[in-house]
Amino acid sequence: LQVMNPLVRDLYKRIISIGKDYPAGLDHVRRKAKEYFFKNRDTADEIEIKRAVAWGRRYVRDEMAAVIRLKKYRTLRARYPSESPPSAAQASATATAAATAAAAARS
């Protein structure tokens, strides 16, 4: 019976906990994680294990977190639609009109 390295176990737990919010679902994340973990299960060199764990942590931090943030952003945009912000030309025209109206009111 082979014992799982604590670093590997911690990485797997991180992937599963972050995978709960992943748009494709937890089952997809679990399946892909197991695929990668089983691919590297015969790695015995401590340096190679640490290198693989570091790659996994970067992947979790960068790729998965970015996809989750994008999902949350899209959800908020769909939930709270807002008018598009005025362009610079529209803002300038509005400011000019307000200044002209203020000048006319003072006269």
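At 54% relative accessibility, Arg61 counts as exposed, where exposed means over 50% relative accessible area, buried under 20% and partly exposed in between (1.4 Å probe, protein chains only). The model is predicted, and local features need pLDDT of at least 70, side-chain atom pairs count only at pLDDT 80 or more, and totals for chains, interfaces and linings use all residues. Residues are numbered from 1 along each chain as its sequence is written, and side-chain values use heavy atoms, with hydrogens and water left out.

Helices (H or I, at least four residues) and strands (E, at least two) are DSSP runs, numbered from the N terminus. Of the 107 residues, 15% count as buried. The accessible surface of the chain amounts to about 8700 Å², and carbon and sulfur atoms account for 57% of this surface; such areas come from the Shrake-Rupley method with a 1.4 Å probe, and for residues only the protein chains shown count as cover. Among contacts (heavy atoms within 4.5 Å) between residues at least 6 apart in sequence, 68% join residues at least 24 apart.

The largest nonpolar core has 8 residues, namely Leu11, Ile15, Tyr22, Val29, Ala33, Val60, Met64 and Ile68. At least two residues of this core come from each of helix H1 (6-19), helix H2 (26-39) and helix H3 (46-79), and H3 gives the most, with 3 residues. A nonpolar core is defined as a set of buried Ala, Val, Leu, Ile, Met, Phe, Trp, Tyr and Cys residues joined through side-chain atoms within 4.5 Å. Met64, a member of the core, touches Ile15, Ile18, Gly19, Tyr22, Val29 and Tyr59, when residues up to four places away in sequence are not counted.

Two packed helices are described by the angle between their axes and the distance between the axes. The axes of H1 and H3 come within 10 Å and cross at roughly 10 degrees. Axes are lines fitted to C-alpha atoms, for helices over the stretch in contact, and angles run from 0 to 180 degrees between N-to-C directions. H1 and H3 are therefore roughly parallel to each other, a description applied to angles under 35 degrees, whereas those over 145 count as roughly antiparallel, 65 to 115 as roughly perpendicular and the rest as oblique. On the H1 side, the residues making the contact include Leu11, Ile15 and Ile18, and on the H3 side they include Val60, Met64 and Ile68. The residues of this contact comprise 10 nonpolar, 2 polar and 4 charged; Ala, Val, Leu, Ile, Met, Phe, Trp, Tyr, Cys and Pro count as nonpolar, Asp, Glu, Lys and Arg as charged, and the others, Gly among them, as polar.

Individual residues of H3 were then examined. Ile68 lies in this helix and counts as buried, at 8% relative accessibility. Ile68 and Tyr22 are 46 residues apart in sequence, with their C-alpha atoms 5.6 Å apart in space. Arg61 also lies in H3, and its C-alpha is 9.4 Å from that of Ile18, 43 residues away in sequence.
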